[in-house]
Amino acid sequence: RGIARALAGLLQLRGAWVKVLEGAPRELDRVDGVIHLAPLRDDRDFDEDPRKELFELARVAVLGGAQWLLAATAQGGQRGSRPEHGGLAGLIKSVAKECPSLRARAIDLHPGADARALADLLIAELLADDSQVHVSYGDGARMTLRPVAEEFAAAGPAARLFSTEDVVLITGGARGITARVASAIAERFGSTIELVGRSPLPGPEDPALAD
C-alpha cells in the first residue's frame, strides 16, 4: 500500500540507509534496526501464523546485532479484534524482556489509514523518547498500557480440588511458578506430585547451602 516506501523516504531524509525487503530475511548483517510492516498489508494472507514470521525476524535481528525492532499490528486500537495480531505484540514484549539491550516496540495502527499518515506515526514512535513497548492508535489518540494496583478480595475456603489419593502431573520442570504451584498443591492437599521437564535432576546439594 506504499507504507514501507513512505517510511523509507522519511528515514532517508534523516540520513538513514534503508533497504525494503519482501518477506522475512534468513540473516541480517550490520543492521541497526528492523521494522516489520507485513501485518499492514491489505492483501496479507493470515491463514499461516504470522507470529512465526515475526519470531524468525526477531531472531535474525538479534543475531545480526540490531539495536531496535519495531513491529506494526493492525487492530486499529481495538485489542482482541484480531487475536493473531495480539500474539505479535506479545512476542515483541517477550523479546523486550529477554533482550533488554534491544529496543523493541509493537505499534497497533488502523490498517485502512492513509499510507503517509501511518508512516508519520511509525517514524514518531521510532523517535519517541520513552520506554513503552506496546502502543496503540485508535480514533486518532495514542494509547499505552500501565498496571494499576487493585485491592485483593479476601479469599474464601479453599476448594478440595485434590486429595491425598491423587497423583498430579505437572509439566514444565520445577522452577519459577511451576515450583510454587507444585508446593502449594502438596502443602494444601497432600497429593503426590510428578514433575516432568527437560532439565536433568540436580546433583547433591552443597552442604554450605543446605539451610
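Reply: Happy to; this is a predicted model, and below we set its values against the cut-offs behind the labels.

Me: On to charged pairs. What makes Glu125 and Arg105 a salt bridge?

Reply: Their side chains meet at 2.7 Å, N to O, and the cut-off is within 4 Å, so the pair qualifies. Glu125 belongs to helix H4 and Arg105 to strand S3, 20 residues apart, and the pair links distant parts of the chain. Both Glu125 and Arg105 are buried.

Me: How do you know that Asp120 and Arg116 are partly exposed?

Reply: Asp120 has a relative accessible area of 34% and Arg116 has 45%. Partly exposed covers what lies between buried, under 20%, and exposed, over 50%, so both residues fall in that class. They also form a salt bridge, with the closest N and O atoms 3.1 Å apart. Both lie in helix H4, 4 residues apart, about one turn of the helix.

Me: What makes Asp130 and Arg142 a salt bridge too?

Reply: The distance is 3.0 Å, N to O, against a cut-off of within 4 Å, so the term applies. Asp130 is in the loop between H4 and strand S4, while Arg142 is in strand S5. At 30%, Asp130 is partly exposed, and so is Arg142 at 37%. Salt bridges that share partners join Arg105, Glu125, Asp130 and Arg142 into one network. The structure holds 6 salt bridges.

Me: Finally, the pockets. How many residues line the largest pocket, and which lie nearest its centre?

Reply: There are 44 lining residues, with Val18, Lys19, Val20, Leu21 and Ile35 nearest the centre. The volume of the largest pocket is about 1300 Å³. Helix H1 gives the most to this lining, with 6 residues. By class, the lining of the largest pocket has 26 nonpolar, 4 polar and 14 charged residues.

Me: And how much space lies in the second largest pocket?

Reply: About 280 Å³. Its lining includes Gly172, Arg175, Leu195 and Pro202, and divides into 6 nonpolar, 4 polar and 2 charged residues.

Methods. Residues numbered from 1 in each chain as written. Predicted model: local features only at pLDDT ≥ 70, side-chain atom pairs only at ≥ 80, totals over all residues. Heavy atoms only, no water. 1 Å grid on protein atoms, 1.4 Å probe; cavity = no way out; pocket = protein on both sides within 12 Å on 5 of 7 lines; lining within 4 Å. Points joined across faces, edges and corners; volume = space filled by probe spheres on them. Helix = DSSP H or I, 4+ residues; strand = E, 2+ residues; numbered from the N terminus. Nonpolar A, V, L, I, M, F, W, Y, C, P; charged D, E, K, R; others polar. Buried < 20%, exposed > 50% of the residue type's maximum accessible area, 1.4 Å probe, protein only.
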